[in-house]
Amino acid sequence: GLQPVYSSSQVQSNNSNPSYPPMPAAAATTTAKSARLASTTPTGPAPWIFTQPGAKSNITIGCILPFEGPQQVVGEASMTALHMAIKDWAPKLLPSTNINLTCLNGKCQDVAAYSAMTRLAQDKVGRWI
């Protein structure tokens, strides 16, 4: 079955949650190159929305996958698998709920993935994959 997803409050408060280790000081330090990369807005495919008849609520699920570079095929296959899982399980587990799947490009790079996670948090995406 589907596993629980983490809420944005769990991700943002990683220093107070023992299941999320604090970010190492070296990762928090930015070089000129990483600062330039971090300033770019992460992109990905257009959000995909699964609608259900008579839906009374909406949820947004965010994910970070590689959509370019040598791991692009993995990102695309993972997104297809997410679509299939949502189509199969949402009517059973989340009846009357529309689901907005927003995937951003992490490029399989630490700075790009961190920027994508920051964007999802700023957009107040409450569920993460």
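Is cysteine 108 buried or exposed? I looked this up first in the predicted model. Cysteine 108 has a relative accessibility of 56%, so I recorded this residue as exposed; the cut-off for that word is over 50%.

**Entry on the disulfide**

I next asked how many disulfides the count comes to. I found one disulfide. Cysteine 63 and cysteine 103 form this bond, and I noted a distance of 2.2 Å between their sulfur atoms. I then looked up where the two partners lie. Cysteine 63 belongs to strand E2 (residues 57–65) and cysteine 103 to strand E3, so the bond ties together parts that are 40 residues apart in sequence. For the handedness, I consulted the torsion about the S-S bond, which is about 100°; the disulfide is therefore right-handed. I also checked the accessibility of the pair: cysteine 63 and cysteine 103 are both buried.

**Entry on E1 and E3**

I then followed the pairing of E1 with strand E3 (residues 97–105). These two strands run antiparallel, and I noted three bridges joining them. Which residue stands opposite tryptophan 48? I found leucine 101, in E3, in that position.

Technical notes
Residues numbered from 1 in each chain as written. Predicted model: local features only at pLDDT ≥ 70, side-chain atom pairs only at ≥ 80, totals over all residues. Heavy atoms only, no water. Pairing = 2+ DSSP bridges. Helix = DSSP H or I, 4+ residues; strand = E, 2+ residues; numbered from the N terminus. Disulfide = S-S within 2.5 Å. Buried < 20%, exposed > 50% of the residue type's maximum accessible area, 1.4 Å probe, protein only.
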